[in-house]
Amino acid sequence: MGDLFRQNASVLANAIATKEVSAVEVTQAHLDRISAVDGKVHAFLHVNAQAALEQAKAVDAKVAAGTTLGPLAGVPLGLKDVLAMKGEPTTAGSKILEGWRPPYDSTVVQRLRAADIVILGKTNMDEFAMGSSTEHSAYGATHNPWDLDRIPGGSGGGSAAALAAFEAPLAIGTDTGGSIRQPASVTGTVGVKPTYGGVSRYGQIALASSLDQPGPCARTVLDTALLHAAIAGHDPMDSTSINAPVPDVVAAAKRADVRGMKIGVVKELGGEGYQAGVSQRYAEALEILQSLGAEVIEVSCPSFEYALGAYYLILPSEASSNLARFDGMRYGLRVGDDGNNGVEQVMSMTREAGFGPEVKRRIMLGTYALSSGYYDAYYGQAQKVRTLITRDFNAAFEQVDVLVSPTAPTTAFKLGEKLDDPIAMYLNDVATIPVNLAGIGAMSLPIGLAPEDGLPVGFQIMAPAMADDRLYLAGGALEAALTDRWGHLLIEEAPEL
Amino acid sequence: MTSISRADVAHLGRLARLELTESELDHYSEQLDVILQSVARISEVAADDIPPMSHPIPMVNVFRDDVVKPSLTRQEALAAAPATEDDRFRVPRILDEE
């Protein structure tokens, strides 16, 4: 079946279940691939080959015993380093957690284990998921496999790059303002931010609790759906987890049909400020959807132009509160404890030494927005804008089944280009942020390369809360039509590393 | 909306327990000012009659039964601590010497 590391997850799972290959062989092939290319890509912060091979061996034993296995059993995965995994280094890309080994598994990890998915290791990310380029990782940037001088997106650039470099066919991301979708967009891979509460946040190191959402990443829509189904569902350990059946995303990905579907083009997300090649591929994708039998109409969401402003007040506010726990007392880094310094001094020295520039920037911004005298003008106003954006979505979904836009305004930019220009960096998330503010689900999938730079362009599909299956129905149809046209998946055009 | 000064940043650093350096004070006062200017537009749209939204899912008081479940052992809970003493977290002094 060719190089094992180039195969998609569903193909590998099937080959393992039918004993065509062993899970150990599949895992070893990916570990070898990581050894061969991760020196250039730096998608992984930590790989535990021994644990992965042991997990794979256990899958092979189950196959030999004739045990019925899940649809992804034995398939390797990269886990974003923001999710706690018992006994394995978990840093969230920060020096303040260097060397920390959680004493428990996050719910996502528990479910991955239960599904017999083999966890290869932890993937790189912007520190505490703050960023759109993975350059804010305290452990060095990840490089985009399409062009090693460019960013892989962020914050989950490690997970997306691992997929695009064929280091893993599956990955987990978390999405607070686009951290699954924007990396998918710039690496030619697929990523889904589920409806808020669809996947448990228990054991996810919190950035902004009312926005954070873990989700699946893969190279195909079907693989993404299979992973989505494996990790989703109610969890009593997360009080914001939705206690309702998970939409049948796998069936939707297999049905892949947009006939009769009403697709709304968000007027405010596109046009000015979007790269020409992004707009061109986006327009072509809309034509394809139309030719497949969808009705494409334009809708207006006038409050979206205020989403970025509201987000960059709400997120830092929640983050400044969540990150207060990193005080150097119970775990993580401690600096300045010389017997003379008092506890507040030690905390201040620890946080100064342990946090990077973007984290400090956002902590101070949030502290400011929440402080007495400014609360109403900033945080209070931002919460009202959140209401307006949610109303815009609700009104739009009365007219259409799904909404669409480009995922990101540009293709991957050069490493270093926007590193110390927070506003330019924040603008990458302009099309992905409204989804998080409203708590709905969205997907990014590749729709081609921009003619001017030959880099992947992402297409965003947004669905009402708890209708995540529609993402896969539309995404699956578009992917099938494009794959038909190209004769292969876009990712197969990625350069050799 | 007000602009943010170097002294404001120093104050925020104290509130947020960040021992900022002199160059950080200069750098961040400039950047935070730019960021705040760019987000200030949100005050244009949100009228008084719009209710604030704190969370995407309207739910309150999610309860569970109050039953004892297995939890971390003392050893596990202390395993990652920077310093321990007598089976407890050891912390720097919390009172000023007077």
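The legends below describe several close-up views of a predicted model.

**View 1. The open sheet of chain A.** In chain A, 11 strands form an open sheet in the order β1-β3-β2-β4-β6-β5-β10-β11-β9-β7-β8, and the pairing among them is mixed. The strands β1 (44–47) and β8 (295–299) of chain A stand at the edges with a single partner strand each, so one side of each has no neighbour in the sheet. From one strand to the next, the twist averages 30 degrees. Within this sheet, β5 (residues 190–193) and β10 (residues 441–449) of chain A are paired in the antiparallel sense over three bridges, and Gly191(A) stands opposite Ser444(A) in β10(A). Helix α3 (residues 49–65) of chain A packs on the sheet, where it touches β1, β2 and β3 (118–123) of chain A, and the direction of this helix makes about 155 degrees with that of β3(A). Helix α9 (residues 276–291) of chain A also packs on the sheet, touching β7 (262–266), β8, β9 (402–406), β10 and β11 (456–463) of chain A, and its direction makes about 50 degrees with that of β11(A).

**View 2. Strand β4 of chain A and its two partners.** Strand β4 (residues 170–174) of chain A is mostly covered, since five of its five residues are buried. Both of its faces are covered, with Leu170(A), Ile172(A) and Thr174(A) buried on one side and Ala171(A) and Gly173(A) buried on the other. Strand β2 (residues 76–80) of chain A runs parallel to β4(A) and is joined to it by three bridges, and here Leu77(A) stands opposite Leu170(A). Strand β6 (residues 214–218) of chain A, by contrast, runs antiparallel to β4(A) and is joined to it by five bridges, with Gly215(A) in β6(A) as the bridge partner of Gly173(A).

**View 3. Two crossing helices, α10 and α12 of chain A.** Helix α10 (residues 307–322) and helix α12 (residues 357–370) of chain A pack at an angle of about 100 degrees, and their axes are 7 Å apart. Because angles of 65 to 115 degrees count as roughly perpendicular, α10(A) and α12(A) are described as roughly perpendicular to each other. On the α10(A) side, the contact is made by Leu313(A), Pro316(A), Ser317(A), Ala319(A) and Ser320(A), which meet residues of α12(A) including Arg362(A), Ile363(A) and Leu370(A). The residues of this contact divide into seven nonpolar, four polar and one charged.

View 4. Helix α5 (residues 157–164) of chain A is mostly covered, for eight of its eight residues are buried, among them Gly157(A), Ser159(A) and Leu163(A). Most residues other than glycine have a negative phi, and most peptide bonds are trans. Just after α5(A), however, Phe166(A) takes a positive phi of about 60 degrees. A cis peptide bond, with omega about 10 degrees, joins Gly154(A) and Ser155(A), and Ser155(A) is found in the loop between β3 and α5 of chain A. Phe128(A) is placed in the loop between β3 and α5 of chain A, and this residue has a positive phi of about 50 degrees although it is not a glycine. Because a residue is buried if 20 or more other C-beta atoms lie within 10 Å of its own, Phe128(A), with 30 such atoms, is buried.

**View 5. The surroundings of Ala84(A).** Ala84(A) lies in the loop between β2 and α4 (107–114) of chain A, and it is buried, with 23 other C-beta atoms within 10 Å. Leaving aside residues up to four places away in sequence, Ala84(A) touches Thr90(A), Pro102(A), Tyr104(A), Asp105(A), Ser106(A) and Gly203(A). Ala84(A) and Arg101(A) are 17 residues apart in sequence, and their C-alpha atoms are 8.2 Å apart in space.

**View 6. Chain B against chain A.** In this view, 45 residues of chain B are in contact with 55 residues of chain A. The elements giving two or more residues to the side of chain B that touches chain A are α1 (6–15), α2 (22–39) and α3 (42–45) of chain B, and the largest share, seven residues, comes from α2(B). By class, this side of chain B has 32 nonpolar, six polar and seven charged residues.

Definitions and conventions
Residues numbered from 1 in each chain as written. Chains lettered and ligands numbered in written order. Predicted model: local features only at pLDDT ≥ 70, side-chain atom pairs only at ≥ 80, totals over all residues. Contact = placed C-beta atoms within 7 Å. Helix = DSSP H or I, 4+ residues; strand = E, 2+ residues; numbered from the N terminus. Nonpolar A, V, L, I, M, F, W, Y, C, P; charged D, E, K, R; others polar. Buried ≥ 20, exposed ≤ 12 C-beta atoms within 10 Å, placed from the backbone. Pairing = 2+ DSSP bridges. Axes fitted to C-alpha atoms, helices over the stretch in contact; angles between N-to-C directions. Parallel < 35°, antiparallel > 145°, perpendicular 65-115°, else oblique.
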